[in-house]
2 protein chains.
Amino acid sequence: MSVLKPKNETKTSPLDDLQVALGGDMNAVNDLIIKHMQSEVPLIPQLASYLIASGGKRIRPLLTLASTQIFNGEMSRAHALAASVEFIHTATLLHDDVVDNSEERRGKESANVVFGNEASVLVGDFLFSRAFQLMVSDGSLEVLRILSNASAIISEGEVKQLSTQNNLDTSMDDYLKVIEGKTASLFAAACEVGPVIADQNKETIKSLRDYGMALGMAFQIADDVLDYDADRQKLGKTIGDDFREGKMTAPILFALEKANDEERAFWERTLGQKDQNDSDLEKAQDLIRKHDALGEGLALAEGFGDQAIKALRSVPDSAIKDMLVTLVPFSIHREY
Amino acid sequence: MSVLKPKNETKTSPLDDLQVALGGDMNAVNDLIIKHMQSEVPLIPQLASYLIASGGKRIRPLLTLASTQIFNGEMSRAHALAASVEFIHTATLLHDDVVDNSEERRGKESANVVFGNEASVLVGDFLFSRAFQLMVSDGSLEVLRILSNASAIISEGEVKQLSTQNNLDTSMDDYLKVIEGKTASLFAAACEVGPVIADQNKETIKSLRDYGMALGMAFQIADDVLDYDADRQKLGKTIGDDFREGKMTAPILFALEKANDEERAFWERTLGQKDQNDSDLEKAQDLIRKHDALGEGLALAEGFGDQAIKALRSVPDSAIKDMLVTLVPFSIHREY
């Protein structure tokens with residue numbers, strides 16, 4: 001099983017490796033994305049391309065491509081479904097930025113700032129509809145079932161997040177449910193689609209789904225850790241968005257667990273009562289450091305990472321599988 | 001063909017008649033609506049039921065039920081699809097109210113005021129996903145195609161409306177495209193679903209679709225006329241929302257067509273530059289009255305109404321067909 005060992009020695013990331021291995025397919029997906037975001041109403045492609053052209057890791061469509069390729073499934077179907085998955089993701093980003101009043105996304109002004117909240121809401125709806133049109137063209141009711149379920153669960157996760165925001169009684173279990181909904185469910189669906197269209201058996205489909213779910217959990221926890229990471233700050237990246245928005249993420253929950261009375265009062269003021277001043281983020285980072293809450297967060301992510309790798313055990317070895325395995329530690333220890 | 005004559009002499013509205021004729025079916029639809037808006041996340045049913053329980057005419061699900069019943073289609077399938085249609089409609093209402101910054105809907109505070117814009121956006125997404133889950137359970141790819149197309153067209157119409165808002169160069173053609181997208185396309189889809197699940201031929205499916213499309217156009221134009229109607233004001237209903245939001249609707253377009261220089265300057269200030277004071281709505285109503293713009297609007301609606309009734313000609317006579325026919329003048333001349 002040495003082939004399964006994370007390739008920490010290599011310089012390229014497993015995302016790069018997947019991009020190269022599936023390069024032609026990703027080009028086909030990008031072409032479909034551009035084609036299907038067109039509309040007679042010019043504001044739609046303008047806004048959609050503003051966000052889509054700004055990059056992003058394209059990890060979800062890559063998962064759909066990889067999980068199809070690994071079972072020699074029909075790649076032209078995977079292209080359309082990968083585009084569909086990316087449209088669902090893009091729609092949720094547009095709506096998230098409105099909900100969070102975000103000002104920045106991927107290092108530039110967010111679409112809601114440039115085009116307004118109204119347009120972001122409506123173009124999100126448009127892309128969401130386009131995602132379903134693409135699935136309908138593919139014609140698999142099973143795929144439609146998987147992705148419509150994922151979409152419902154995403155919005156449930158987002159609403160739950162809204163309910164836990166600024167709420168210091170949020171439990172670790174609440175948090176895990178939020179991220180399972182808002183992030184992991186689409187990772188799971190993106191991975192499940194591949195073996196479904198490649199006509200694999202139930203166990204195999206479940207393996208890929210479990211992989212995607214656990215990877216998504218690890219990915220989101222790592223994301224939440226990065227939002228307090230001073231090293232990332234040194235790279236010129238924005239941090240502290242979650243703190244400002246009062247999101248009850250892993251670093252906060254671990255720091256809260258060990259908080260003394262004075263610290264609890266700090267969290268109560270800054271998160272519970274939304275009363276923050278300029279030095280509070282630094283203070284929050286100090287407390288997080290004091291209690292090793294980022295370390296605890298990464299350990300939690302690694303637990304899910306282990307589950308992800310285990311889920312792939314029954315899948316026959318291949319170069320793509322190798323990349324999916326190495327994607328796990330990369331997702332946890334990435335710097336962006 | 002005397003059966004086709006609008007029953008103007010009756011006291012009950014054709015909507016009431018449809019509600020009675022399809023009463024058991026509407027109860028089944030309402031049960032499904034309540035069942036499928038449930039979620040582990042309490043805010044979702046709270047917000048959804050706030051809007052859904054507030055009534056509304058339920059005209060779209062009634063159209064799906066009627067257009068199935070008329071061809072003796074399977075009503076249990078119609079129930080699920082009617083609920084799906086109503087979920088799509090409810091999702092767009094939630095998003096519309098956010099986009100328009102509305103404060104009132106159906107005579108009470110709108111959901112965005114009570115629960116916040118964030119929750120309205122996300123619960124809208126949830127209901128939209130639920131709509132697709134219901135369609136997937138039904139299992140007809142053709143229905144999924146019809147309703148995913150309608151959804152995409154609705155958001156295109158809404159974005160186009162955003163682009164024409166406060167824009168005095170908006171043409172009648174632009175306006176018709178906006179309302180075809182935002183309203184008529186879902187009426188058309190709601191009517192098309194019935195003959196599709198009742199296995200009718202292409203011509204029949206097209207007849208019902210054409211009926212729904214033309215009815216939707218007439219319905220929306222009448223809605224836009226009502227928003228300036230002084231008689232409605234006397235009933236204690238809010239008017240002038242469209243004026244305040246700078247929506248370029250039929251009454252404005254007809255008044256603009258005949259505006260002299262001074263009047264044009266008035267529209268330019270109040271709509272183009274969004275500079276409105278307390279007496280401007282009354283002035284706008286005066287100009288609209290002067291040029292009989294509401295009458296012109298109703299005439300435009302009646303043209304579509306005629307198309308709607310014509311589209312039903314080839315459909316065999318029945319009590320339900322009679323109600324669909326009388327629904328046309330009712331939709332144009334209603335007071336609410």
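This is a predicted model: local features need pLDDT of at least 70, side-chain atom pairs count only at pLDDT 80 or more; totals for chains, interfaces and linings use all residues.
## An enclosed helix: α4 of chain A

A residue counts as buried if 20 or more other C-beta atoms lie within 10 Å of its own. The buried residues of α4(A) run from A:R60 through A:P61, A:L62, A:L63, A:T64, A:L65, A:A66, A:S67 and A:T68 to A:Q69.

Which elements cover them? The cover includes α1 (14-21), α2 (23-36), α5 (75-99), α9 (172-197), α10 (202-226) and α17 (319-333), each belonging to chain A.

## A buried alanine: A:A111

A:A111 is part of helix α6 of chain A, which covers residues 111-115. Is A:A111 buried or exposed? There are 26 C-beta neighbours inside 10 Å, so A:A111 counts as buried.

A:A111 and A:L51 are separated by 60 residues in sequence, yet their C-alpha atoms are 6.7 Å apart in space. When neighbours within four places in sequence are left aside, A:A111 is in contact with A:L47, A:Y50, A:L51, A:L94, A:D97 and A:S120.

Most residues other than glycine have a negative phi, and most peptide bonds are trans. Against that background, two residues can be set side by side. A:K274 is not a glycine, but has a positive phi of about 55°. B:R58, also not a glycine, has a positive phi of about 55°.

## A helix pair in chain B

Two packed helices are described by the angle between their axes and the distance between the axes. In chain B, helix α8 (residues 141-164) packs on helix α9 (residues 172-197) at an angle of about 165°, and the axes are 7 Å apart. Angles over 145 degrees count as roughly antiparallel, so α8(B) is roughly antiparallel to α9(B). The crossing of the two helices, α8(B) and α9(B), is left-handed.

What kinds of residue form the contact of α8(B) with α9(B)? There are 12 nonpolar, five polar and nine charged residues.

## Where the chains meet

The contact between the chains involves 35 residues of chain B and 35 residues of chain A. On the side of chain B, the elements giving two or more residues are α3 (43-52), α5 (75-99), α7 (117-138) and α8. Of these, α8(B) gives the most, with 14 residues. By class, this side of chain B has 18 nonpolar, 10 polar and seven charged residues.

How are the two copies related? Chain B is superposed on chain A by a rotation of 180° with 0.0 Å of shift along its axis, at an RMSD of 0.0 Å. The two copies are thus related as by a two-fold rotation axis. Of the interface residues of chain B, 100% are also interface residues in chain A, so the copies meet through the same surface.

Definitions and conventions: Residues are numbered from 1 along each chain as its sequence is written. Chains are lettered from A and ligands numbered from 1 in the order in which they are written. Axes are lines fitted to C-alpha atoms, for helices over the stretch in contact, and angles run from 0 to 180 degrees between N-to-C directions. Helices (H or I, at least four residues) and strands (E, at least two) are DSSP runs, numbered from the N terminus. Angles under 35 degrees count as roughly parallel, over 145 as roughly antiparallel, 65 to 115 as roughly perpendicular and the rest as oblique. A crossing is left-handed if the near helix is turned anticlockwise from the far one by less than a right angle, and right-handed if clockwise. Ala, Val, Leu, Ile, Met, Phe, Trp, Tyr, Cys and Pro count as nonpolar, Asp, Glu, Lys and Arg as charged, and the others, Gly among them, as polar. Two residues are in contact if their C-beta atoms, placed from the backbone, lie within 7 Å. Copies are superposed by least squares on the C-alpha atoms of residues with pLDDT of at least 70 in both. A residue is buried if 20 or more other C-beta atoms lie within 10 Å of its own, exposed if 12 or fewer, and partly exposed in between; C-beta atoms are placed from the backbone.
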